[in-house]
Structures are given as C-alpha cells and as structure tokens.
Amino acid sequence: MPAELEPARPEQASPDTEPSASDPRHSDAVPHSDVEPRHRDREKRLLRLSLAGLLLIFPLAFAAASYRDVAALLQSREIIGEDVQSGASMTYAGGDWRLDGFKVVTGGDPRLTMPEDRALVILRLGVALHQDVGELWQMCRISLVDAEGRRWLPLFLTLPGEIERLIEPGGLSAPSCGSVALSKPKASSQVTIEEKFLVPRSALTTLIPVASTAGARPRYLRFERPAL
Amino acid sequence: MRRLLTNAASLALGVIVLAGLRWTTPGYAVLTGPLPSDGRAGTTVAARGFTVRIGDVELAKSLRYRAFGRTVERTSDGVFAVAHATVEATAQSTSLGGIAWEDAGGIVFAHSRRVDGAGALLLGKRLQPGLPQQGLFVFELPRGALKSARLLVSESAEPRLDSQARIRLPDDLQGRAVSEGLDLDESARAR
Amino acid sequence: MSVTGLWRRLALRVTIGVGGAAAVLLSLGQHLFDRHEKSEVVTLPVGAPVEAGEWLVTLHGASIRTTTPDGRQLRNGQRAIIVATEMTNRTGSTSTDFYSLLRLDAPPSTSPLRPTLYLARDKELLTQLQPGLAESVDVAWILPADQPPPASLTLSVMAKTFKPRDNLYAAPGWFNEHVVGTVNFPIERGDGNGTAGG
C-alpha cells in the first residue's frame with residue numbers, strides 16, 4: 001500500500017537530484033512532480049502549444065474528412081443565381097443560354113382542354129455551344145420555381161404526334177435536357193431543349209424557369225419571362 | 001484505504017452512468033431513420049415534402065379493376081383494406097414510394113403490389129405542388145391487423161432523416177363490414 | 001527494485017491487459033463453437049410445415065412442365081421443374097426474401113440458387129408476401145434442354161436467423177443462411193405438354 005504522495009517541495013529540489021529509488025516516499029511506478037522549475041515551464045508551454053494545436057487540427061480534420069461531401073453538396077445545390085434578361089442570353093456550362101419559348105396550354109381545342117385548375121407549360125431553351133458539353137451537362141435540372149420557392153420538375157411525357165402539332169403547329173418538338181446531353185452535341189452547334197410541366201393555374205404568373213447542370217452548379221440560371 | 005474506496009466508488013458510478021447512457025441511446029437505424037409527423041385519419045397531415053389526408057377505409061374480400069385492357073380480379077384469404085387518400089406535394093414535384101400499414105403490434109404491411117396497374121393507385125404516382133391528387137392506398141392484411149392501426153406514408157420507401165407521416169386509423173375497423181367484392185375504379189370515382 | 005514495486009507493476013499490466021485478453025479469449029471460444037460441425041443432415045417431411053427462419057414452408061409436390069405457372073411457353077425444348085408449396089411470412093414486415101428459401105441440389109438446373117416464384121392464386125410472378133398470410137406459391141427452376149427429364153429431385157430448405165440488432169446498424173435483420181434440412185421426392189411426370197401430373 002503506497003504512502004500518500006507529498007506535494008513536491010520546491011526548496012528540496014535541486015537541478016542534480018534524481019528521484020531516488022531508495023527513498024521510501026517514491027517508487028518507480030509512480031511519477032511525481034518534483035522536477036526543476038525549468039522543466040515545469042517547458043511542460044506548461046508544450047501543453048499550451050498542444051491545446052492551440054488542437055484548435056487548428058480539429059477544423060483541418062473535419063475538412064479532410066468532409067471535403068468530398070461538401071463538393072458533392074455544392075454540385076447538387078443551386079445556390080448562386082444569375083438572371084438572364086428577357087431576349088438576352090447568358091454564358092453558362094459551355095454555351096450561351098436563351099429562353100426561346102414559354103408556352104402555356106390550357107385549351108383552344110377540344111383535344112387540348114385541361115381541367116380548370118391546371119395548365120401545361122412547354123418551355124424551350126436555345127443554347128449556342130462553345131465546347132463539347134456531354135460531361136458538363138450531366139444531371140441537368142430544368143424546373144419552374146414560383147415566388148414561394150415551390151418547384152415543378154419536368155414531366156416524362158411523350159405526346160401523340162397530333163397533339164404535338166396542335167400545340168406547336170410550325171415547329172418540331174425538341175428533346176429534353178438529358179437527351180441532349182446524352183447525344184453529346186459538338187462545339188459551335190445550336191441545340192434546343194424542351195421540357196413540359198404540369199402546374200396549377202394560380203401559380204402561372206409567378207413561375208420562373210430555372211436551369212442548372214452538374215458541371216456548373218452551384219451557379220444556376222434564372223430566366224426572365226417576356227412580358228405577360 | 002479511504003482513497004481506494006473513493007476511487008472504487010467513483011469508478012462504479014462512472015460505469016453506471018455510462019451503461020445507462022448506452023442503454024438509453026437508440027440504435028443507429030433509429031437515429032438516422034424516419035422523422036415522424038403524426039396525425040389522424042380525416043385531418044391533413046403535413047410531412048416535409050407533401051401533405052396527406054386519409055378519408056374512408058373500405059374492406060373487401062376481393063378487388064376488381066381495369067388495367068392493360070382487361071379486368072383484373074384479386075382475391076385474398078385475409079382482407080383487402082382500401083383507403084381513400086388525398087395527397088399533395090408541397091416543396092417540389094415528387095412521388096410517394098413508401099406507403100404501409102402498421103398494425104397495433106408493430107407489424108408492417110407494405111402497399112399491395114398485386115394490384116399494380118390500377119389507375120386509382122397513388123403509389124408511385126407523380127405529384128405536383130399545388131395540385132392535390134385523390135386516389136387509393138390498397139393493403140392486403142390478416143383480419144387481426146385491422147385494430148388500432150396506422151398508415152405510414154413517405155416519399156422514399158425507407159426514409160432516412162426524412163419525413164414519414166404516421167396517420168392513426170379509426171380503432172373500430174375490425175368491426176366494419178367486409179364486402180365481397182370492391183371495384184377500385186368505381187370506388188375512386190365515387191369519392 | 002523492491003518486491004512490492006514489481007508486484008505493483010504486474011498488477012498494473014494485468015489490469016490494463018485483462019480487457020483485451022478477455023475479448024480475444026471470448027472471440028476465440030465463440031469461433032471454435034461456431035465451427036463445431038453440426039452432426040447429421042435433417043430430412044424434412046413432404047406435406048408438413050417446416051420452420052425456416054423468415055418463412056414457414058410446406059412442400060406439396062413437384063412436376064415437370066413446358067409452360068411456366070403464369071402461362072408462358074418455354075422455348076428451345078426447355079422444361080421447368082415446378083414445386084408446389086405453401087409459404088407464410090414469419091417476419092415483422094412484408095418480405096421479398098424468398099428466392100433463396102429452396103435450393104435445388106439435384107438435378108442440375110440453369111440457376112439452382114435462384115428460382116422464379118409465382119403466386120398460384122394470381123398465376124403471376126410473386127412480388128411480395130405479407131406477414132401472417134399463407135399463400136400457395138409455385139417455385140420453378142429451368143432445366144437445360146439437353147438433360148433427360150429427371151425422376152426425382154432433392155431440395156435443401158435454407159433459413160436465416162433473426163438478429164434484433166445487427167453489427168453495423170443496430171437494426172433488426174435476418175442473417176447467416178444455413179441448411180435446415182433436405183427433401184427428396186419423386187417428380188410427377190407430365191407428358192411434356194404439361195397437361196398431366198402435378
């Protein structure tokens with residue numbers, strides 16, 4: 001049973017005194033603080049440096065463990081918006097993007113009537129490519145966002161040919177953004193992206209077309225609609 | 001001697017406190033599992049990305065519906081529970097991938113896949129914000145599962161740190177009449 | 001160095017090491033226990049319910065057909081062994097884990113470990129089984145065309161054990177698939193057109 005340790009008495013310590021094995025108050029297994037003041041100061045400084053080092057190491061360790069997740073988060077979120085004026089185009093993800101058409105279908109033909117609370121929106125974006133965009137345009141997201149932040153995603157809808165012609169008498173229908181990206185369009189070509197949405201009529205006035213791609217997020221485009 | 005007893009006592013206290021902390025911590029699956037939104041049938045229950053309102057629950061021994069150009073019949077040794085529901089997306093376009101019936105004992109019966117193709121089903125149907133959808137949830141259950149049950153509704157089938165609406169159904173379902181046959185399309189149209 | 005000093009150091013080391021030593025010994029003991037060979041292979045009866053972990057299964061009989069239970073004709077002279085069973089889900093939730101319940105040991109099939117299951121009531125592919133509801137299920141294996149039709153078949157019934165908390169997520173699950181027993185029974189011969197037998 002070891003005797004209780006007495007606190008170190010500074011006046012007893014001297015630079016040349018080693019803890020004595022024959023001293024009955026001490027034993028090899030029990031460390032004691034009876035060291036010289038110079039050593040104690042060094043210990044204190046080392047302790048402070050270590051604590052300060054922790055303040056540095058924790059954020060570094062956190063960053064090292066999560067930088068990939070942060071990169072993935074930035075690639076999936078639309079954070080920095082850029083407004084595209086009506087009629088103008090904006091350089092984004094390897095091309096100049098322009099709003100070509102925002103068509104609202106509520107009726108006009110017996111075959112096109114929609115229930116009163118909803119409307120079909122056909123959105124067209126024209127892009128003049130500067131480079132090959134197959135990679136940049138992966139996971140491209142085209143949506144309509146209203147003033148409250150509600151978001152409508154495109155319909156996976158292929159309309160019968162005659163309905164398409166009713167809606168777009170002059171033009172051809174264009175592929176969706178994903179299809180265009182898969183077809184790997186070449187630099188300095190023109191592509192048209194078409195997406196269809198089903199929205200409530202009450203939200204029509206505040207809807208804003210928004211586009212982003214994995215290669216360019218967290219930046220995204222907000223298109224101003226031509227005067228309604 | 002006193003030092004030893006004090007040390008032993010504080011060690012024992014530490015062990016007890018830590019053991020208690022460990023025992024009362026839910027498992028990882030619960031900690032990262034669904035975030036419940038509780039409610040009752042007949043009221044609108046709001047989850048993160050959608051709202052759901054359960055109406056009437058009909059019971060039948062067999063179901064009938066039209067799909068892929070023909071009439072399909074499904075019979076059961078248990079009972080089919082058909083719940084009328086109105087769902088609406090609130091944040092963005094989505095669909096409900098998790099629709100299940102939980103009985104009083106915690107047994108979970110997933111939405112029946114035997115009626116795939118029925119037009120009135122809400123399982124997997126695309127929901128748009130601002131456009132509520134009316135439709136049906138269909139479950140096949142043993143009779144004992146009708147009492148004090150609740151519905152679990154979520155966007156993903158196994159929500160992880162996402163909302164799950166838990167809707168209590170009326171306690172007296174097991175006493176309701178079970179019809180011989182129920183036509184899903186007619187039932188959906190009638191409500 | 002005093003004797004009490006030595007004892008104290010030994011006591012310290014033993015105290016530090018006892019936890020690790022206990023863990024190693026326990027794990028070794030458990031490993032040896034698990035590796036102990038189960039003695040004989042159980043033969044299971046036909047027509048009686050068998051508890052097989054997640055499932056309660058009753059085997060009723062087998063037949064050879066040229067059409068699958070959902071009415072599709074098999075091509076290229078292929079035949080299917082169809083085992084009529086009744087299955088009940090014993091777990092706490094709807095399950096689709098029925099593909100490995102029965103393993104075809106003999107005759108050789110194109111995919112002995114993964115048969116196709118059909119719900120006899122609907123005559124369609126089995127999508128899921130709800131807890132507590134017994135259903136007639138047809139289990140089908142495709143036989144290669146060049147094999148002569150076999151006279152009998154040997155099945156192994158496999159089962160998993162329930163763990164209320166698994167080692168990774170502390171979530172309940174069914175693990176460690178093992179053989180419950182084997183069944184050997186004759187195949188009722190169809191006439192190749194699938195109109196007799198079964």
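Two strands are taken to pair if DSSP finds at least two bridges between them. Strands (E, at least two residues) and helices (H or I, at least four) are DSSP runs, numbered from the N terminus. The model is predicted: local features need pLDDT of at least 70, side-chain atom pairs count only at pLDDT 80 or more, and totals for chains, interfaces and linings use all residues. Residues are numbered from 1 along each chain as its sequence is written, while chains are lettered from A and ligands numbered from 1 in the order in which they are written.

In chain A, an open sheet of 5 strands has the order S1-S9-S8-S5-S6. Its pairing is mixed. Strand S1 (80-84) and strand S6 (151-152) of chain A are the edge strands, and each pairs on one side only. Strand S8 (residues 208-212) and strand S9 (residues 219-223) of chain A run antiparallel and are joined by 2 bridges. Across from A:Val210 stands A:Arg222 in S9(A).

Chain A has 3 helices and 9 strands. From the N terminus on, its elements run α-β-β-β-β-β-β-α-α-β-β-β. A residue is buried if 20 or more other C-beta atoms lie within 10 Å of its own, exposed if 12 or fewer, and partly exposed in between, with C-beta atoms placed from the backbone. Of the 228 residues of chain A, 18% count as buried. Two residues are in contact if their C-beta atoms, placed from the backbone, lie within 7 Å. Among contacts in chain A between residues at least 6 apart in sequence, 70% join residues at least 24 apart.

In chain B, B:Phe137 is found in strand S9. B:Phe137 counts as buried because it has 25 C-beta neighbours inside 10 Å. Not counting residues up to four places away in sequence, B:Phe137 touches B:Ala83, B:Ala85, B:Ile99, B:His111, B:Leu122 and B:Leu151. B:Phe137 and B:Ala85 are 52 residues apart in sequence, yet their C-alpha atoms are 7.0 Å apart in space.

The contact between chains B and C takes 17 residues from chain B and 15 residues from chain C. Helix H2 (28-31), strand S4 (70-89), strand S7 (108-110) and strand S9 (133-141) of chain B each supply at least two residues of the side that touches chain C. S4(B) gives the most to that side, with 4 residues.

Chain C is divided into domain 1 (1-35) and domain 2 (50-188). These bounds come from an automatic or database domain assignment. Taken over C-alpha atoms, the centres of domain 1 and domain 2 of chain C are separated by 49 Å.
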